[in-house]
Amino acid sequence: MATSKRLTDPKAEIMDKTDVFIFDCDGVIWKGDSVIPGIPSVLEKLRGEGKRLFFVTNNSTKSRKGYKKKFDDLGLDVKAEEIFSSSFAAAAYLEQTNFKATGKKAYIIGEVGIEEELDLIGVSHIGGPKDGDKKVELKPGYAVPHDKDVGAVIVGFDRFINYYKIQYAQLCINENENCEFIATNLDAVTHLTDAQEWAGNGSMVGAIKGCTGKEPTVVGKPSPLMIDYMVQKFGVQRNRICMVGDRLDTDVLFGSNNGLMSCLVLSGVTSEGKLLSEENKISPDVYCDSINDFF
């Protein structure tokens, strides 16, 4: 069983140790399209104390531009450069590996967020929302044709995933030489609305793993790609960063695996019972009900 400490002295246990806060979004800042009560005031107080804030989400359905609009619509004053999504992480990974120079294209299982980020770096892509209504005809002699120039399959959350997309992805990965299998994240469940939990991208990635027998390169949390980018671009010190999230297997691991402090909030998918259970092996530095407890 992991040992976890409930936050009792925010100043000593978090504030004095932290210059930079990285916040997960779903379950920490908002649920679905509703801001968690008290959050705008907390963010304002943190900025007032000179803390630097970043917002990192594993949800790939929006690009950074799309998330900036969501923050604006929810009345949250957040700069575009403070936002990091797993759709951006997928594009950053392709940029780091010089994918564009291969002349290959990407096949997308996912939504417009990934498309918009790939457009920004000039990587050609097919699939995505345009394949949302495609069907297969299971009759003698029928085969799904696929593009031999696909050099990467990117799997992000897709509300319109279908059998055609799964088949197309497995053909590219299994038959195209050196085709990469990239996952934006492996989240089991996600907050699409504030009423219940919904099956997450782990279900989409699982379908492709099942028919290819291959493990993906994961670019979202808990992968180090986004924190490495932040440290390099903004010159922040890892030991003065606190990762705040509602998931043990992504947010807390993202912190502990990358030399950051971690704080689990109970305002999202993880209950106190799950955190303190015999089965749980992942422990944050501290935990609290929500970030309202910081003050």
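Analyst: Strand S6 (residues 105-109) is joined to strand S8 (residues 150-155) by 5 bridges, and the two run parallel. Helices (H or I, at least four residues) and strands (E, at least two) are DSSP runs numbered from the N terminus, and two strands pair if DSSP finds at least two bridges between them. This is a predicted model, in which local features need pLDDT of at least 70, side-chain atom pairs count only at pLDDT 80 or more, and totals for chains, interfaces and linings use all residues. Residues are numbered from 1 along each chain as its sequence is written, and side-chain values use heavy atoms, with hydrogens and water left out.

From S6 the chain passes through helix H5 (residues 112-120) to S7 in a right-handed β-α-β crossover: with the strands pointing away from the viewer, the path from the first strand over the helix to the second runs clockwise.

These pairings belong to an open sheet of 5 strands with parallel pairing, in the order S7-S6-S8-S9-S12. S7 and strand S12 (217-218) stand at the edges with a single partner strand each, so one side of each is left without a neighbour in the sheet.

As for burial (under 20% relative accessible area, 1.4 Å probe, protein chains only), 4 of the 5 residues of S6 are buried, and the strand is thus mostly covered.

Notes:
Buried < 20%, exposed > 50% of the residue type's maximum accessible area, 1.4 Å probe, protein only.
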